[in-house]
Amino acid sequence: MKLMNFRASDPEYAAEGKAGLSRGNQLESVIWSEFFGDRQKLQAAAEAIRESIQTPLPEAGAAPYWVFVCNPKRWAIDRFLEQGEARDTWGVRPSDRMRFAPGQLGVVRVGVDRGTSAEREGRPALEAGIYALVEIESEAFEGSGASDAFWAEGGGRASGWPTVKVRYLQTFSDRPLTITRLREEAPALSPLLLNGFQAASFPIPEPDFRRLLDLLGTSAETVVGEIAVTDTLEALARLEEKFRDACPEVKERVSRSIERGPVGALVKKLNGYKCQICQVLGRDPISFLKPSGEPYVEAHHVMPVSAGQAGSLGASNILTACATHHRQLHYGQASVSITATAFDVTLDGKTVRVGRPILDGPGKSPTAQKMPVA
């Protein structure tokens with residue numbers, strides 16, 4: 001088995017090592033670059049390479065879900081998590097550097113704790129397992145290194161290593177999902193996940209990520225939270241571009257934030273806080289009044305934000321609907337087609353046409369938009 005002798009610290013590694021290599025050889029070259037000269041670690045990783053070739057990778061074009069690998073002998077993740085820090089940086093495998101994007105999700109997998117009692121400062125050894133759920137907040141960049149108090153002496157991350165910014169969504173240091181439990185309850189998971197992989201990062205298929213969340217007793221949808229959004233077309237375009245390669249859960253979060261934020265509020269106001277579908281069907285378009293006296297209505301993105309198409313976040317992609325019709329649009333037998341000035345909504349086999357917000361001109365904010373007559 002020929003091993004490619006690339007240096008992991010070489011910023012050109014990804015370009016040199018990736019081109020023209022089979023999947024197995026890519027993995028071999030990564031292993032060799034990251035553990036140059038350590039034959040024992042190479043032998044331990046060889047089995048993971050062989051098993052990984054049989055493990056399906058995420059589909060081409062799909063936003064990957066990530067595993068970030070932590071060696072507790074080098075970095076005291078338990079002490080770091082105790083500080084309650086929400087954000088940090090993480091070194092990633094050089095061959096992965098071009099695949100990272102804001103809005104992707106991942107987990108932190110802690111490996112076998114081989115530190116001595118003195119190195120652990122008397123703390124018990126950590127069990128190998130999943131210790132955190134994280135969101136990636138940046139593309140990979142050339143990092144400036146890391147050597148804070150949680151790193152072992154001489155174990156810090158070298159300057160120039162591919163690095164991403166991460167946000168900790170949820171931590172499980174008091175109840176990690178142990179590898180022992182994973183092997184017992186989810187033996188069909190990726191061998192890389194179950195047996196370990198001596199690299200800084202690796203992707204896993206979406207079903208594996210979902211299974212991890214189930215076993216952790218959580219869901220990405222409940223922990224990603226809201227984001228702050230503005231109401232200008234330029235800002236929405238930047239937001240679309242930023243989260244173009246995000247995971248579906250994060251795209252849905254962006255959509256919710258816009259529907260509930262200033263853009264959604266504007267469209268509700270322009271529509272008189274009415275359900276456009278009820279109005280066309282001749283029903284009472286006002287559901288009920290909130291304590292403030294404002295009618296209750298919901299905003300719905302017609303073109304799914306998860307599709308990643310330009311303009312999907314803007315006001316011109318929003319219609320207003322009562323809670324019942326909004327749920328039917330999401331979960332019922334419903335479809336919507338879009339024209340320049342209207343949405344053609346098909347529910348229960350009947351199609352109705354409702355007005356669509358139109359822009360006064362390029363570069364205008366949603367405050368300059370008008371509603372056409374349905």
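Before you click anything, one cut-off: buried means under 20% relative accessible area, exposed means over 50%, and partly exposed is in between, using a 1.4 Å probe on protein chains only. This is a predicted model, where local features need pLDDT of at least 70, side-chain atom pairs count only at pLDDT 80 or more, and totals for chains, interfaces and linings use all residues. Residues are numbered from 1 along each chain as its sequence is written, and side-chain values use heavy atoms, with hydrogens and water left out.

**Stop 1: helix α7**

Select residues 206-216, which make up helix α7. Helices here are DSSP runs of H or I with at least four residues, strands are runs of E with at least two, and both are numbered from the N terminus. Color by accessibility and you'll find Asp208, Phe209, Leu212, Leu213, Leu215 and Leu216 buried. They sit on the same side of α7, because they cover an arc of only 165° around the axis (the arc is taken over the directions from the helix axis to the C-beta atoms).

Now show the side chains of glutamate 206 and arginine 210: they meet in a salt bridge, 3.2 Å from N to O. That term covers a side-chain nitrogen of Lys or Arg within 4 Å of a carboxyl oxygen of Asp or Glu. The two residues are four apart in α7, about one turn of the helix. Arginine 210 is partly exposed at 25% relative accessible area, and glutamate 206 is also partly exposed, at 34%. Step just past the helix to glycine 217, which takes a positive phi of about 75°.

**Stop 2: the cores**

Next, pick Leu105, Ile130, Leu133, Leu182, Ile204, Phe209 and Leu212, which touch the most other members of the 34-residue largest nonpolar core. Such a core is a set of buried Ala, Val, Leu, Ile, Met, Phe, Trp, Tyr and Cys residues joined through side-chain atoms within 4.5 Å. Helix α7 supplies the largest share of this core, five residues. In soluble globular proteins, nonpolar side chains tend to be buried together.

Center on leucine 182. Which residues is leucine 182 in contact with, leaving aside its neighbours within four places in sequence? Contact means heavy atoms within 4.5 Å, and the list is Ile130, Leu177, Pro187, Leu189, Leu194, Leu212 and Leu215.

Then move to a second, separate core of 23 residues, which includes Trp75, Trp90, Val164 and Tyr168.

**Stop 3: aspartate 88**

Find strand β2, residues 87-91, and select aspartate 88 in it. Aspartate 88 is buried yet has no salt bridge, and the nearest side chain of opposite charge, arginine 157, is 6.0 Å away. For charge, Lys and Arg count as positive and Asp and Glu as negative, while His and the chain ends are not counted. Beyond its neighbours within four places in sequence, aspartate 88 is in contact with Trp75, Phe80, Val164, Lys165, Val166 and Tyr168.

**Stop 4**

How many salt bridges does the structure hold? There are 11. Start with arginine 93 and aspartate 96, whose side chains pair at 3.1 Å, N to O. Arginine 93 is buried at 6% relative accessible area, and aspartate 96 is buried at 2%.

Jump to glutamate 298 and arginine 327, another salt bridge, at 3.2 Å from N to O. Glutamate 298 is in strand β9 (residues 298-301) and arginine 327 in helix α13 (residues 323-331), so the pair ties together parts 29 residues apart in sequence. Glutamate 298 is buried at 10% relative accessibility, whereas arginine 327 is partly exposed at 43%. Then select Arg87, Glu135, Glu137 and Arg167, which salt bridges with shared partners join into one network.

**Stop 5: cysteines**

The structure holds zero disulfides, a disulfide being a pair of cysteine sulfur atoms within 2.5 Å. Zoom in on cysteine 275, whose nearest cysteine sulfur, that of cysteine 278, is 3.6 Å away. Cysteine 275 is buried at 1% relative accessibility, and cysteine 278 is buried at 8%.

**Stop 6: two loops**

Most residues other than glycine have a negative phi, and most peptide bonds are trans. Select tyrosine 273, in the loop between α11 (262-270) and α12 (276-280): its phi is positive, near 60°. Finish at aspartate 348, in the loop between β12 (342-347) and β13 (350-355). Aspartate 348 has a positive phi near 50° and is exposed, with a relative accessible area of 67%.
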